[in-house]
Amino acid sequence: MATQDHIYFRPARSIGGFTADVTIEEQHTDSAGITDHPVERGAAITDHAYRNPAQLTVVVGYSNSSPVAGGDPDYVQRVYGQIRALQNTYEPFSVITGKRAYRNMLIQSLSTTTNEQNEKSMILVVSMREIIIVETQSTTVPPAAVQAQPETTQEVSSTGNKQAQPAPKVNQSALSTVFGG
């Protein structure tokens, strides 16, 4: 029986298609929202916990002297501008890290410091957050005139703003007569 070799190539790390000259650090955060309210044991519940959007912070580096720069003295500034443009599109993109791939991410913040020692290079901190995308459906409810019990099955409609009204006064002597008080 012949054996078959399987070769798997993991895609290079990238942020929305941008590959860094060097990846220094990746911080992955996955959390859940959990109710503060008591939950009855054995109850059929599904909303006591939910997944929060994934968060990812990467620290990447770029340099005008890297082979990717190809001698471009403005490489670092150009890359920084392109990543800022990606942030400002507000369009979800994919991210590939050393641990996993993310979909539907947006850049929450970019941070870099420039001084005389690193003018020709850039250490960039990119904080991203997942957008949880859902699909919804709408439906039409038949008009109340063709429903057997429109008071319970008719579609919700706006009836305007309502103001609270004081409760009617209770005749205390009538209550004591009825309840034997």
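I began with E130 and R51, whose side chains meet in a salt bridge at 2.7 Å, N to O. This pair ties together distant parts of the chain: E130 belongs to strand 8 and R51 to strand 4 (residues 49-51), 79 residues apart. I noted that this is a predicted model, so every value here is computed. Is E130 buried or exposed? At 15% relative accessibility, E130 counts as buried, because the cut-off for buried is under 20%.

How many salt bridges does the structure hold? I found 4. One of them joins the side chains of R13 and E26, at 2.6 Å from N to O. R13 sits in the segment before strand 1 and E26 in strand 2 (residues 22-29), so I wrote this down as another link between distant parts of the chain, 13 residues apart. R13 is partly exposed, with a relative accessible area of 39%. I also looked at R78 and D72, whose side chains meet in a salt bridge at 3.1 Å, N to O. R78 is partly exposed, its relative accessible area being 39%.

**Entry 3, the overall layout.** Next I stepped back to the whole chain. Its secondary structure comes to 3 helices and 8 strands. Reading along the sequence, I get the pattern β-β-β-β-β-α-β-β-β-α-α. Of the 181 residues, 20% count as buried. I also checked the contacts with a separation of 6 or more: residues 24 or more positions apart account for 59% of them.

In what order do the strands of the open sheet stand? I traced 6 strands in the order 1-6-7-8-5-2, with antiparallel pairing. Strand 1 and strand 2 are at the edges with a single partner strand each, so one side of each has no neighbour in the sheet. Strands of a sheet pair through backbone hydrogen bonds, either parallel or antiparallel.

I then went through some of the pairings. Strand 7 and strand 8 are antiparallel and pair over 7 bridges. Across this pairing, S111 stands opposite V125 in strand 8, and L110 stands opposite V126 in strand 8. Strand 6 and strand 7 also run antiparallel, joined by 3 bridges. Here I96 stands opposite A101 in strand 7. The hairpin that joins strand 6 to strand 7 goes through 4 residues.

I picked S14 because I wanted a residue in strand 1. At 12% relative accessibility, S14 counts as buried. Which residues does S14 touch, leaving out those up to four places away in sequence? I listed T19, S94, V95 and I96. I96 is the residue I had already placed opposite A101.

I checked the length of helix 1 (residues 75-89) next. At 1.5 Å a residue, its 15 residues should span 21 Å, and the end C-alpha atoms are 21 Å apart, which agrees. Which residues of helix 1 are buried? I have Y75, V76, V79, I83, L86 and Q87 on my list. They cover an arc of only 115 degrees around the axis, which puts them on the same side of helix 1. An α-helix has 3.6 residues a turn, so residues three or four places apart point the same way.

What do the buried residues of helix 1 pack against? I found strand 1 (14-15), strand 5 (55-63), strand 6 (93-96), strand 7 (101-112) and strand 8 (121-130). As for its direction, helix 1 makes about 125 degrees with strand 7.

Just after helix 1, Y90 takes a positive phi of about 55 degrees, although Y90 is not a glycine. Where is Y90? I placed Y90 in the loop between helix 1 and strand 6. Y90 counts as exposed, at 60% relative accessibility. N104 has a positive phi too, about 60 degrees, and is not a glycine. N104 lies in strand 7, and at 23% relative accessibility N104 counts as partly exposed.

Technical notes: Residues numbered from 1 in each chain as written. Predicted model: local features only at pLDDT ≥ 70, side-chain atom pairs only at ≥ 80, totals over all residues. Heavy atoms only, no water. Helix = DSSP H or I, 4+ residues; strand = E, 2+ residues; numbered from the N terminus. Expected span 1.5 Å × (residues − 1). Buried < 20%, exposed > 50% of the residue type's maximum accessible area, 1.4 Å probe, protein only. Arc of directions from axis to C-beta. Contact = heavy atoms within 4.5 Å. Pairing = 2+ DSSP bridges. Axes fitted to C-alpha atoms, helices over the stretch in contact; angles between N-to-C directions.
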